[in-house]
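Hi there,

Here is the structure I promised to pass on. Have a look at it first, and then read on for my notes.

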Amino acid sequence: MSRNEATDNTVSSLNDVYASIDVLVDYAGKHLNLDPRDADWTRNRIFELFELDSYRPTGETTDDTAPDELLSRFRESCVAAGLFEPEEGPRYADVVMGLLSASPSAVQDRFVAVEQSNDGMEAMRWFYDYSVANNYVKKAVLDKNPRFDSHGVTVTINLAKPEFKNMKKAAAGNSVAGGYPSCTICHENEGFAGRNKRTLRTVPVTLGGEPWFWQFSPYGYFHQHGICVNTEHTPMHVDRDTFGHLLDFVDRFPGYFLGCNAALPRIGGSVLAHDHYQGGGEHLPMHKAAAWATFHMNGYPDAVVEILDWPGTAVRVVSRNRDAIVEISDMIRLAWQQFDDSAANIASHDADGNRQSAVSPSAIITDRGYEMSLIFRNNAVSSEYPEGVFHAHPEFWPIKQEPIGLIEAQGLFILPGRLVDQLAQLENALAEGQPLPASVSEFTLEWDELTAALNGNRDRAAIHQAVHEELGSVCERILGNTAVFKTKEQTVAFLAELGLTRQ
């Protein structure tokens, strides 16, 4: 290649870079609230990243409302022009989108304005759309995750989420070296380059008269999945105030649910160091579960307590009266934390006196009023079940070994991305009449059950459906593993001891 040809190619590549930046700036004006008066200034800040100074306007614009293709074009043109290496693309995409996004104060002001002119749910919808538009919520990635319903639960395979098989690894994956920010969900992460959080934006929320904030999850498990975080870095806990906090939130955002992991290792999520709740714009399978039995309590005529027809151990307190919800929920919480039954292998404390029992609450509003679900959890271990007696048992680990937290306890299972390839191997072997491949030999249980269910059927559509049914069945059985009471009659006896009367 001659020097002139090289020069021509370089100029052409740089023109592609300029065009891709023009498109992004135009996109920000249409979808990220970039003021036209700030367009040149913002474009120049992007040029500064790459020491570009020979710009001529290309006039390119876009009507595309999804940032992924625009950022892909930007990354490819920059790599072709030698501005950065391909592996640096995600970081530079985060930098550029951070520059194009509105400031936290501007986002919060717009959120408040939408809420005041409409309502809290409309404000949340606007905020979610903004978080998708500035590419903090990776919706294009989320939309590729397999998802289906089976055996009363919803099963998803998250292609982006790393797999943590125990709480120590999960905690390590969420730790921050150096002490700033104190953890991965502290408010100081907003715009923090150290963890590619330049596009993170939050909105303030008041719970119990105290400052909290809401942010959406970049790799959400369900529609509009987010977390509500205590502005103060303080350890997770579930107490009487927790129930009031959850009700405060759903009062303001009645289309959402909000819940909390039990604040215990192995069953309490991976960020126990910072008080936070999880929720979003989708009611999960447990929220829709029917009542297996209904109870009343003296002094609370406007409230009922339901034992859920659910594989795990869960009850639901229903009332239009906030005080009744809080009082009854806290009474059940306190009783469960002290409950012991050696015959059922339930110990409220371990040999060293550490508490092992807690509830995971979750609140929604329906046409019946407030509904507070309480999932009974216990994090005891044994020689037979070192990862948790009331946890996924070893025979199910090929499908799911990660701790079962709030979201999965409510029936939405997030399975590891490795399963896409592993299940494809199973399906191919079944379709071809081959034995279980050695590379997936740990799936013996699933293989045997699939073989029995298919009974020689090699139709690929039937095999694929059978695999879905098998995954749903395994997840349902895992919920059964988490059940502290293995029969509904045990739950009946527990509530009766509290003075509740079955209807």
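A quick definition before the notes: I call it a salt bridge when a side-chain nitrogen of Lys or Arg is within 4 Å of a carboxyl oxygen of Asp or Glu. Please keep in mind that this is a predicted model.

Let's start with the charged pairs. Lys400 and Glu408 form a salt bridge through their side chains, at 2.6 Å from N to O. Lys400 is buried and Glu408 is buried too. By the rule above, the count comes to 26 salt bridges.

Another one of them pairs Glu60 with Arg73, with 3.0 Å from N to O. How accessible are the two partners? Glu60 is partly exposed, at a relative accessible area of 32%, and Arg73 also counts as partly exposed, at 32% relative accessibility.

Then there is Arg240 with Glu327, where the closest N and O atoms of the salt bridge are 2.3 Å apart. Arg240 belongs to helix H9 (residues 240-252) and Glu327 to helix H10, so the pair links parts that are 87 residues apart in sequence. Arg240 is partly exposed, with a relative accessible area of 35%, and Glu327 is partly exposed as well, at 33% relative accessibility. Look around this pair, too: Arg240, Glu327, Asp330 and Arg333 are joined into one network by salt bridges that share partners.

Now the sheet. In what order do its strands run? The open sheet has 11 strands, arranged S3-S4-S5-S7-S6-S11-S12-S10-S9-S8-S14, with antiparallel pairing. At the edges are strand S3 (203-207) and strand S14 (500-502), each of which pairs on one side only. From one strand to the next, the twist averages 25°.

Helix H15 (residues 488-497) lies across S8, S9, strand S10 (314-319), strand S12 (369-378) and S14, and it runs at about 155° to S9.

Two single residues are worth a look as well. Ala344 is found in the loop between helix H10 (322-337) and strand S11 (357-366). Is Ala344 buried or exposed? With a relative accessible area of 17%, Ala344 is buried, because the cut-off for buried is under 20%. Setting aside residues up to four places away in sequence, Ala344 touches Phe390 and Gln490. Ala344 and Val484 are 140 residues apart in sequence, yet their C-alpha atoms are 8.0 Å apart in space.

The other one is Glu115, in helix H5 (residues 104-117). Glu115 counts as buried, at 19% relative accessibility. Which residues does Glu115 contact, leaving aside its neighbours within four places in sequence? They are Gly120, Ala123, Arg252 and Phe253.

That's it from me. Let me know what you think.

Cheers

Notes:
Residues numbered from 1 in each chain as written. Predicted model: local features only at pLDDT ≥ 70, side-chain atom pairs only at ≥ 80, totals over all residues. Heavy atoms only, no water. Helix = DSSP H or I, 4+ residues; strand = E, 2+ residues; numbered from the N terminus. Buried < 20%, exposed > 50% of the residue type's maximum accessible area, 1.4 Å probe, protein only. Contact = heavy atoms within 4.5 Å. Pairing = 2+ DSSP bridges. Axes fitted to C-alpha atoms, helices over the stretch in contact; angles between N-to-C directions.
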